Amino acid sequence: MQIVIIGSGNVAYHMAKAFTLKGIPLAQLFGRNEKELSQISHELNIPYSTDHLEEADLYIICVSDHSVEEVSKVITGKDCLVAHTSGSLSKEVLAGNYRKASFYPLQTFSKSKDLEYEKIPFFIEAENEEDQKILFGLASKISERVMKSTHEKRKYIHLTAVFACNFVNHLFARAKEISDSQEIPFDYFLPLIDETVQKIHEIEPKMAQTGPAVRNDVRILQLHEQLLKDESLDIYKTMNHSIQKMYEL
């Protein structure tokens, strides 16, 4: 099977690396950013181009959500399968007469961070059973966790990921602002963060909750509020209200 990855960002890099490490040959990397493509090509020994798209059986589009539709128009072939890697977009957003699909890896990607690809869940959706089997088999060569999905379910998967990853990371960033303001090394909080994440491998998150809100410790809550202002104060109040509502306090 001739496979082309379109894109040069974090997802494109890690998809290309995962395919390469698992012995799945790629015919080409294609995109607009020659500098990024050149670096990926040099590291993984995959041909690349910014102006000539090779003919392929499968194109995997790894670009930002707002670019997927426009980028998909560069694929003019009809006898091919095209899949995007978006968590929220439908496969119908792909603008062509080819067969359409979704090949969604559930992970946060940074080029500087190595990943264990076999642990990344993949969610597969296609227009027909044959294409679904092709993508399912391809993902199964990379990962131990592959599921069929629908666009409706995938929207909720992505929403859950935003709560579990993006929002949590933003709280880390806000926490670091507080520690930095008092010249407390943020590294000192990493064991606490690591234990919090490790705990939910064994205990349901709702059962693992600790802190002044779940204890309904009004005195401490008010003390903390006096130390905060602006967005951090709003976040603190909103989070504590949500915790207390969950536990009916």
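I looked up the second largest pocket and recorded a volume of about 150 Å³. The model is predicted: local features need pLDDT of at least 70, side-chain atom pairs count only at pLDDT 80 or more, and totals for chains, interfaces and linings use all residues. Residues are numbered from 1 along each chain as its sequence is written, and side-chain values use heavy atoms, with hydrogens and water left out.

On a 1 Å grid over the protein atoms alone, a pocket is an open set of points where a 1.4 Å probe fits, with protein on both sides within 12 Å along at least five of seven lines; lining residues have an atom within 4 Å of a point. Volume is the space filled by probe spheres set on the points, which are joined across faces, edges and corners.

I listed the lining of this pocket as L53, E54, E55, A56, Y59, V74, I75, T76, G77, K78, D79 and C80. By class, I noted six nonpolar, two polar and four charged residues in that lining. Ala, Val, Leu, Ile, Met, Phe, Trp, Tyr, Cys and Pro count as nonpolar, Asp, Glu, Lys and Arg as charged, and the others, Gly among them, as polar.

**Helix pairs**

I then turned to α5 (residues 151-181) and α9 (residues 230-246), whose axes come within 11 Å and cross at roughly 125 degrees. Helices are DSSP runs (H or I, at least four residues) numbered from the N terminus; axes are lines fitted to C-alpha atoms over the stretch in contact, with angles from 0 to 180 degrees between N-to-C directions. The two are therefore oblique to each other (under 35 degrees counts as roughly parallel, over 145 as roughly antiparallel, 65 to 115 as roughly perpendicular, the rest as oblique). I recorded H170, L171, R174 and E177 in α5 as meeting E231, S232, I235 and M239 in α9, where contact means heavy atoms within 4.5 Å. This contact has three nonpolar, two polar and three charged residues.

For α8 (residues 218-227) and α9, I found an angle of about 160 degrees and axes 9 Å apart. α8 is therefore roughly antiparallel to α9. In α8, I220, L221, H224 and E225 meet L233, Y236, K237, N240 and Q244 of α9. I counted four nonpolar, three polar and two charged residues there.

Lastly, I examined α1 (residues 10-21) and α2 (residues 34-44), with axes that come within 11 Å and cross at roughly 15 degrees. α1 is therefore roughly parallel to α2. Y13, A16, K17 and T20 in α1 meet I40, E43 and L44 in α2.
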